[in-house]
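Please consult the sequence and the structure shown below while reading.

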Amino acid sequence: MNQDFKFPQIENCLAENGVFLITDICEEGKGAAIANTYFLQTDTGNYVIDPACGKRRLQQIKARLPFKEYDVLLTHSHLDHSANSGAAVFFNSQVICHPLVAGKINNLQRNYTDVTAKMVREFGVHGFFGRTGMLGPTMIKLLRWIQKQSPAIFDRLLHAVSLILCCIKVGSIYPPTRNVTFLSMDQLADLCFENSFFRGWAIREDLFALETPGHQDDHLSFYVPGRKLMFAGDLISFLNPNDILDGSLKETHTWMKKMLQLAEAGGINILAVSHSLPIVGKDQVIAYLRSVIDKQEEAFNTIAEIIASCPDKSDFDGIMAKVYSHDSELIKKILKINYPRSISFIDVYVYLYLKEYCREGMESRTNQ
Ligand SMILES: [Fe+2]
(Lines give C-alpha, C1' and ligand atoms only; values in the text may rest on other atoms or scores of the structure.)
Protein backbone atom coordinates (compact mmCIF):
# COMPACT_ATOMS: atom_id res chain seq x y z
CA MET A 1 0.00 0.00 0.00
CA ASN A 2 2.79 2.41 0.83
CA GLN A 3 4.18 3.41 -2.54
CA ASP A 4 7.38 4.75 -0.99
CA PHE A 5 8.03 1.68 1.18
CA LYS A 6 11.12 3.25 2.74
CA PHE A 7 11.55 1.33 5.97
CA PRO A 8 10.36 -2.21 5.22
CA GLN A 9 11.09 -3.72 8.64
CA ILE A 10 9.29 -1.00 10.56
CA GLU A 11 6.45 -0.77 8.08
CA ASN A 12 5.87 -4.53 8.05
CA CYS A 13 5.69 -4.57 11.82
CA LEU A 14 3.27 -1.64 11.79
CA ALA A 15 1.12 -3.33 9.14
CA GLU A 16 0.85 -6.48 11.28
CA ASN A 17 -0.73 -4.24 13.91
CA GLY A 18 -3.07 -2.42 11.54
CA VAL A 19 -0.93 0.71 11.32
CA PHE A 20 0.27 2.50 8.17
CA LEU A 21 2.61 5.42 8.08
CA ILE A 22 3.01 8.49 5.90
CA THR A 23 6.18 10.37 6.69
CA ASP A 24 8.60 12.93 5.29
CA ILE A 25 11.48 11.12 7.01
CA CYS A 26 13.90 9.72 4.45
CA GLU A 27 16.54 8.14 6.63
CA GLU A 28 16.58 6.19 9.89
CA GLY A 29 17.76 8.31 12.80
CA LYS A 30 16.57 11.50 11.11
CA GLY A 31 13.47 13.57 11.87
CA ALA A 32 11.03 15.67 9.85
CA ALA A 33 9.43 19.06 10.47
CA ILE A 34 5.96 17.96 9.38
CA ALA A 35 4.32 15.43 11.67
CA ASN A 36 3.86 11.82 10.60
CA THR A 37 0.36 10.76 9.64
CA TYR A 38 -0.75 7.32 10.81
CA PHE A 39 -3.64 5.22 9.54
CA LEU A 40 -5.00 2.85 12.16
CA GLN A 41 -7.39 -0.06 11.69
CA THR A 42 -8.76 -1.63 14.86
CA ASP A 43 -11.51 -4.23 15.23
CA THR A 44 -14.01 -1.46 15.90
CA GLY A 45 -12.99 1.44 13.68
CA ASN A 46 -10.67 3.13 11.22
CA TYR A 47 -8.69 6.26 11.99
CA VAL A 48 -6.43 8.86 10.44
CA ILE A 49 -4.17 10.19 13.19
CA ASP A 50 -2.80 13.72 12.59
CA PRO A 51 -3.47 14.65 8.94
CA ALA A 52 -0.57 17.14 9.34
CA CYS A 53 -0.24 20.10 6.97
CA GLY A 54 0.47 20.94 3.34
CA LYS A 55 -1.01 20.07 -0.02
CA ARG A 56 1.45 17.24 -0.61
CA ARG A 57 0.51 15.42 2.60
CA LEU A 58 -3.17 15.81 1.76
CA GLN A 59 -2.58 14.20 -1.64
CA GLN A 60 -0.62 11.37 -0.02
CA ILE A 61 -3.40 10.74 2.50
CA LYS A 62 -6.04 10.63 -0.21
CA ALA A 63 -3.95 8.40 -2.45
CA ARG A 64 -3.06 5.89 0.24
CA LEU A 65 -6.12 5.65 2.46
CA PRO A 66 -6.66 1.94 3.09
CA PHE A 67 -10.30 2.43 4.09
CA LYS A 68 -13.32 4.40 2.93
CA GLU A 69 -14.85 5.34 6.25
CA TYR A 70 -12.82 6.64 9.14
CA ASP A 71 -12.54 9.19 11.94
CA VAL A 72 -9.74 11.69 12.34
CA LEU A 73 -7.83 11.80 15.64
CA LEU A 74 -5.76 14.86 16.57
CA THR A 75 -2.94 14.46 19.08
CA HIS A 76 -2.92 18.26 19.50
CA SER A 77 -3.71 21.50 17.74
CA HIS A 78 -0.24 22.51 16.57
CA LEU A 79 -0.55 23.26 12.87
CA ASP A 80 1.96 20.68 11.66
CA HIS A 81 -0.51 18.08 13.02
CA SER A 82 -3.89 19.73 12.57
CA ALA A 83 -3.89 22.13 9.60
CA ASN A 84 -5.25 19.52 7.16
CA SER A 85 -7.88 18.13 9.54
CA GLY A 86 -10.87 19.80 7.84
CA ALA A 87 -9.72 18.75 4.37
CA ALA A 88 -8.83 15.16 5.27
CA VAL A 89 -12.32 14.21 6.38
CA PHE A 90 -14.74 11.90 4.67
CA PHE A 91 -18.33 13.23 4.83
CA ASN A 92 -19.23 11.04 7.81
CA SER A 93 -15.93 11.40 9.65
CA GLN A 94 -15.71 12.75 13.15
CA VAL A 95 -12.67 14.83 14.03
CA ILE A 96 -11.90 13.84 17.61
CA CYS A 97 -9.79 16.10 19.81
CA HIS A 98 -9.13 17.35 23.33
CA PRO A 99 -11.78 19.64 24.92
CA LEU A 100 -9.31 22.55 24.97
CA VAL A 101 -9.10 22.52 21.16
CA ALA A 102 -12.67 23.90 21.13
CA GLY A 103 -11.39 27.36 22.04
CA LYS A 104 -8.72 27.27 19.33
CA ILE A 105 -10.36 25.52 16.41
CA ASN A 106 -11.46 28.70 14.62
CA ASN A 107 -8.09 30.32 15.12
CA LEU A 108 -5.60 27.54 14.51
CA GLN A 109 -3.11 30.02 13.05
CA ARG A 110 -2.75 31.39 16.60
CA ASN A 111 0.11 28.93 16.86
CA TYR A 112 2.00 31.36 14.67
CA THR A 113 0.36 34.73 15.19
CA ASP A 114 -0.32 34.65 18.94
CA VAL A 115 2.84 32.70 19.72
CA THR A 116 5.02 35.13 17.76
CA ALA A 117 3.36 38.15 19.41
CA LYS A 118 3.81 36.61 22.84
CA MET A 119 7.47 35.74 22.20
CA VAL A 120 8.28 39.24 20.93
CA ARG A 121 6.51 40.70 23.96
CA GLU A 122 8.37 38.43 26.38
CA PHE A 123 11.80 38.20 24.74
CA GLY A 124 11.84 41.76 23.34
CA VAL A 125 12.52 42.76 19.72
CA HIS A 126 16.24 42.19 20.07
CA GLY A 127 15.76 38.94 21.98
CA PHE A 128 13.39 37.46 19.42
CA PHE A 129 14.92 38.70 16.16
CA GLY A 130 18.49 39.47 17.20
CA ARG A 131 19.60 36.57 19.36
CA THR A 132 18.75 34.10 16.64
CA GLY A 133 20.29 36.15 13.84
CA MET A 134 16.89 36.41 12.15
CA LEU A 135 17.32 40.14 11.51
CA GLY A 136 20.33 42.45 11.32
CA PRO A 137 20.94 45.46 13.63
CA THR A 138 19.43 48.03 11.21
CA MET A 139 16.12 46.16 10.94
CA ILE A 140 16.02 45.63 14.71
CA LYS A 141 16.60 49.34 15.26
CA LEU A 142 13.79 50.15 12.82
CA LEU A 143 11.38 47.72 14.48
CA ARG A 144 12.17 49.10 17.91
CA TRP A 145 11.54 52.61 16.58
CA ILE A 146 8.15 51.56 15.15
CA GLN A 147 7.29 49.82 18.43
CA LYS A 148 8.11 52.98 20.37
CA GLN A 149 6.27 55.33 17.99
CA SER A 150 3.13 53.24 17.63
CA PRO A 151 2.68 49.97 19.50
CA ALA A 152 -0.59 49.38 17.60
CA ILE A 153 1.07 49.61 14.17
CA PHE A 154 3.91 47.43 15.44
CA ASP A 155 1.44 44.77 16.61
CA ARG A 156 -0.35 44.79 13.25
CA LEU A 157 2.95 44.52 11.40
CA LEU A 158 3.97 41.59 13.56
CA HIS A 159 0.62 39.87 12.99
CA ALA A 160 0.97 40.32 9.21
CA VAL A 161 4.55 39.01 9.21
CA SER A 162 3.64 35.96 11.28
CA LEU A 163 0.67 35.23 9.00
CA ILE A 164 3.01 35.32 5.98
CA LEU A 165 5.47 33.02 7.80
CA CYS A 166 2.60 30.70 8.63
CA CYS A 167 1.54 30.60 4.95
CA ILE A 168 5.09 29.80 3.87
CA LYS A 169 5.80 27.16 6.50
CA VAL A 170 2.40 25.50 6.93
CA GLY A 171 0.42 26.28 3.76
CA SER A 172 -3.37 26.49 3.84
CA ILE A 173 -5.21 25.80 7.08
CA TYR A 174 -8.40 23.75 6.92
CA PRO A 175 -10.06 23.75 10.33
CA PRO A 176 -12.84 21.16 10.50
CA THR A 177 -16.16 22.96 10.09
CA ARG A 178 -18.51 20.10 11.01
CA ASN A 179 -18.54 16.75 12.81
CA VAL A 180 -15.99 17.81 15.37
CA THR A 181 -16.08 15.86 18.62
CA PHE A 182 -14.46 17.71 21.48
CA LEU A 183 -14.02 15.12 24.19
CA SER A 184 -15.87 16.26 27.27
CA MET A 185 -14.16 17.23 30.54
CA ASP A 186 -17.26 15.86 32.29
CA GLN A 187 -16.52 12.43 30.90
CA LEU A 188 -12.82 12.44 31.70
CA ALA A 189 -12.20 9.14 33.49
CA ASP A 190 -9.47 7.44 35.52
CA LEU A 191 -7.82 4.76 33.44
CA CYS A 192 -5.32 2.14 34.48
CA PHE A 193 -3.09 0.10 32.19
CA GLU A 194 -0.47 -2.27 33.59
CA ASN A 195 -0.71 -0.47 36.96
CA SER A 196 0.03 2.90 35.33
CA PHE A 197 -2.65 5.51 35.95
CA PHE A 198 -3.87 7.93 33.32
CA ARG A 199 -6.85 10.21 32.79
CA GLY A 200 -8.67 10.04 29.51
CA TRP A 201 -11.53 8.78 27.42
CA ALA A 202 -12.51 5.48 25.82
CA ILE A 203 -13.02 6.29 22.14
CA ARG A 204 -14.08 2.66 21.59
CA GLU A 205 -13.59 -0.36 23.81
CA ASP A 206 -10.19 -1.01 22.22
CA LEU A 207 -8.96 2.59 21.77
CA PHE A 208 -8.30 5.26 24.40
CA ALA A 209 -7.41 8.95 24.30
CA LEU A 210 -5.06 9.76 27.19
CA GLU A 211 -4.48 13.26 28.51
CA THR A 212 -0.75 13.87 28.15
CA PRO A 213 -0.20 17.62 28.46
CA GLY A 214 3.18 19.31 28.62
CA HIS A 215 4.11 19.74 24.99
CA GLN A 216 0.76 21.53 24.66
CA ASP A 217 -2.17 21.68 27.08
CA ASP A 218 -4.52 20.02 24.58
CA HIS A 219 -2.20 17.11 23.88
CA LEU A 220 -3.59 13.56 23.67
CA SER A 221 -1.89 10.23 23.19
CA PHE A 222 -3.92 7.44 21.60
CA TYR A 223 -3.53 3.98 23.06
CA VAL A 224 -4.58 0.56 21.81
CA PRO A 225 -3.87 -1.65 24.85
CA GLY A 226 -4.74 -4.91 23.08
CA ARG A 227 -1.89 -4.32 20.63
CA LYS A 228 0.35 -2.37 23.04
CA LEU A 229 0.33 0.46 20.56
CA MET A 230 0.91 4.07 21.66
CA PHE A 231 0.54 7.13 19.42
CA ALA A 232 2.41 9.68 21.53
CA GLY A 233 2.32 12.74 19.24
CA ASP A 234 4.96 15.26 20.33
CA LEU A 235 5.14 14.27 23.99
CA ILE A 236 8.42 12.42 23.64
CA SER A 237 11.00 14.76 22.22
CA PHE A 238 14.13 16.49 23.40
CA LEU A 239 13.90 20.07 24.66
CA ASN A 240 10.18 19.74 25.07
CA PRO A 241 7.99 21.80 25.23
CA ASN A 242 8.43 24.45 22.56
CA ASP A 243 5.08 26.13 23.11
CA ILE A 244 5.30 29.39 25.01
CA LEU A 245 1.52 29.72 25.30
CA ASP A 246 0.34 26.25 26.25
CA GLY A 247 3.44 24.25 27.16
CA SER A 248 4.61 23.13 30.59
CA LEU A 249 7.96 21.67 31.66
CA LYS A 250 6.49 20.03 34.75
CA GLU A 251 3.70 18.33 32.80
CA THR A 252 6.12 17.24 30.08
CA HIS A 253 8.37 15.55 32.62
CA THR A 254 5.43 13.94 34.42
CA TRP A 255 3.89 12.43 31.30
CA MET A 256 7.15 11.38 29.68
CA LYS A 257 7.93 9.43 32.85
CA LYS A 258 4.43 8.00 32.91
CA MET A 259 4.98 6.68 29.38
CA LEU A 260 8.24 5.08 30.52
CA GLN A 261 6.47 3.50 33.49
CA LEU A 262 3.87 1.97 31.18
CA ALA A 263 6.57 0.77 28.77
CA GLU A 264 8.62 -0.77 31.59
CA ALA A 265 5.50 -2.60 32.76
CA GLY A 266 5.29 -4.14 29.29
CA GLY A 267 2.46 -1.93 28.01
CA ILE A 268 4.08 -0.49 24.87
CA ASN A 269 5.43 -2.55 21.98
CA ILE A 270 5.17 0.19 19.38
CA LEU A 271 5.72 3.85 20.18
CA ALA A 272 4.42 5.87 17.24
CA VAL A 273 5.87 9.38 17.56
CA SER A 274 5.32 12.30 15.25
CA HIS A 275 8.68 13.64 14.12
CA SER A 276 10.81 10.50 14.14
CA LEU A 277 10.20 6.98 12.93
CA PRO A 278 8.06 4.78 15.18
CA ILE A 279 10.01 2.73 17.71
CA VAL A 280 9.27 -0.95 17.44
CA GLY A 281 9.88 -3.57 20.15
CA LYS A 282 9.35 -3.38 23.92
CA ASP A 283 13.06 -3.08 24.78
CA GLN A 284 13.70 -0.53 22.06
CA VAL A 285 10.76 1.57 23.28
CA ILE A 286 12.07 1.51 26.85
CA ALA A 287 15.61 2.40 25.73
CA TYR A 288 14.30 5.24 23.56
CA LEU A 289 12.15 6.70 26.32
CA ARG A 290 15.00 6.46 28.83
CA SER A 291 17.43 8.20 26.49
CA VAL A 292 15.04 11.10 25.75
CA ILE A 293 14.23 11.50 29.46
CA ASP A 294 17.93 11.41 30.40
CA LYS A 295 18.76 14.07 27.81
CA GLN A 296 15.82 16.17 28.94
CA GLU A 297 16.98 15.89 32.55
CA GLU A 298 20.51 16.87 31.60
CA ALA A 299 19.16 19.97 29.84
CA PHE A 300 16.93 20.75 32.79
CA ASN A 301 19.79 20.48 35.30
CA THR A 302 22.12 22.57 33.15
CA ILE A 303 19.51 25.32 32.76
CA ALA A 304 18.70 25.14 36.47
CA GLU A 305 22.39 25.57 37.30
CA ILE A 306 22.80 28.55 34.97
CA ILE A 307 19.67 30.25 36.30
CA ALA A 308 20.73 29.61 39.91
CA SER A 309 23.97 31.46 39.16
CA CYS A 310 22.06 34.54 37.96
CA PRO A 311 21.19 36.85 40.86
CA ASP A 312 18.41 38.66 38.96
CA LYS A 313 15.80 36.14 37.79
CA SER A 314 13.86 38.90 36.06
CA ASP A 315 16.77 39.70 33.73
CA PHE A 316 15.80 37.38 30.87
CA ASP A 317 18.36 38.85 28.43
CA GLY A 318 21.13 38.45 31.01
CA ILE A 319 20.12 34.83 31.69
CA MET A 320 19.94 34.03 27.97
CA ALA A 321 23.38 35.60 27.42
CA LYS A 322 24.75 33.18 30.03
CA VAL A 323 22.92 30.25 28.42
CA TYR A 324 24.21 31.10 24.93
CA SER A 325 27.79 31.43 26.10
CA HIS A 326 27.73 28.35 28.31
CA ASP A 327 30.63 26.02 27.79
CA SER A 328 28.92 22.63 27.91
CA GLU A 329 28.69 20.36 24.86
CA LEU A 330 24.97 19.99 25.53
CA ILE A 331 24.24 23.71 25.21
CA LYS A 332 26.40 23.92 22.08
CA LYS A 333 24.37 21.07 20.59
CA ILE A 334 21.10 22.67 21.63
CA LEU A 335 22.04 25.95 20.00
CA LYS A 336 22.63 24.17 16.71
CA ILE A 337 19.13 22.64 16.67
CA ASN A 338 17.28 25.62 15.40
CA TYR A 339 19.85 28.01 14.10
CA PRO A 340 20.14 30.41 12.49
CA ARG A 341 17.06 32.46 11.65
CA SER A 342 14.59 30.73 13.85
CA ILE A 343 13.69 31.26 17.47
CA SER A 344 15.50 28.62 19.44
CA PHE A 345 13.52 26.23 21.58
CA ILE A 346 16.01 26.95 24.33
CA ASP A 347 14.60 30.48 24.75
CA VAL A 348 11.16 29.00 25.31
CA TYR A 349 12.55 26.32 27.61
CA VAL A 350 14.30 28.93 29.81
CA TYR A 351 11.22 31.14 29.77
CA LEU A 352 9.03 28.26 30.96
CA TYR A 353 11.59 27.25 33.58
CA LEU A 354 11.47 30.79 35.03
CA LYS A 355 7.68 30.78 34.90
CA GLU A 356 7.27 27.40 36.59
CA TYR A 357 10.20 27.27 38.98
CA CYS A 358 11.14 30.91 39.72
CA ARG A 359 7.85 32.66 40.25
CA GLU A 360 9.34 35.77 41.82
CA GLY A 361 11.44 36.33 38.66
CA MET A 362 8.40 36.21 36.42
CA GLU A 363 6.36 38.43 38.72
CA SER A 364 8.96 41.17 38.70
CA ARG A 365 9.21 40.84 34.90
CA THR A 366 5.45 41.33 34.53
CA ASN A 367 5.59 44.37 36.78
CA GLN A 368 8.36 46.03 34.80
FE1 LIG B 1 3.57 20.02 18.50
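In this predicted model, 13 residues of domain 1 are in contact with eleven residues of domain 2, contact meaning heavy atoms within 4.5 Å. Leu79, Ile244 and Leu245 supply 61% of the area that domain 1 buries against domain 2, more than any other three residues. In total, about 900 Å² is buried between domain 1 and domain 2, and carbon and sulfur atoms give 73% of this area. Buried area is the accessible area (1.4 Å probe) that two parts lose on being put together, summed over both.

The chain is divided as follows, with bounds from an automatic or database domain assignment.

| Domain | Residues |
|---|---|
| Domain 1 | 8-105 + 173-294 |
| Domain 2 | 110-170 |
| Domain 3 | 309-366 |

Taken over C-alpha atoms, the centres of domain 1 and domain 2 are 32 Å apart.

One salt bridge (a side-chain nitrogen of Lys or Arg within 4 Å of a carboxyl oxygen of Asp or Glu) is counted between domain 1 and domain 2. The side chains of Arg110 and Asp246 form a salt bridge at 3.1 Å, N to O.

The iron ion is coordinated by His76 (NE2), His78 (ND1), His215 (NE2) and Asp234 (OD), at 2.2 to 2.3 Å. Donors are N, O and S atoms within 2.8 Å of the metal (3.2 Å for Na, K and Ca); water is not among the atoms, so sites may look incomplete. Along the chain, the donors of the iron ion follow the spacing H-x1-H-x136-H-x18-D.

Residues are numbered from 1 along each chain as its sequence is written, and side-chain values use heavy atoms, with hydrogens and water left out. Local features need pLDDT of at least 70 and side-chain atom pairs count only at pLDDT 80 or more, whereas totals for chains, interfaces and linings use all residues.
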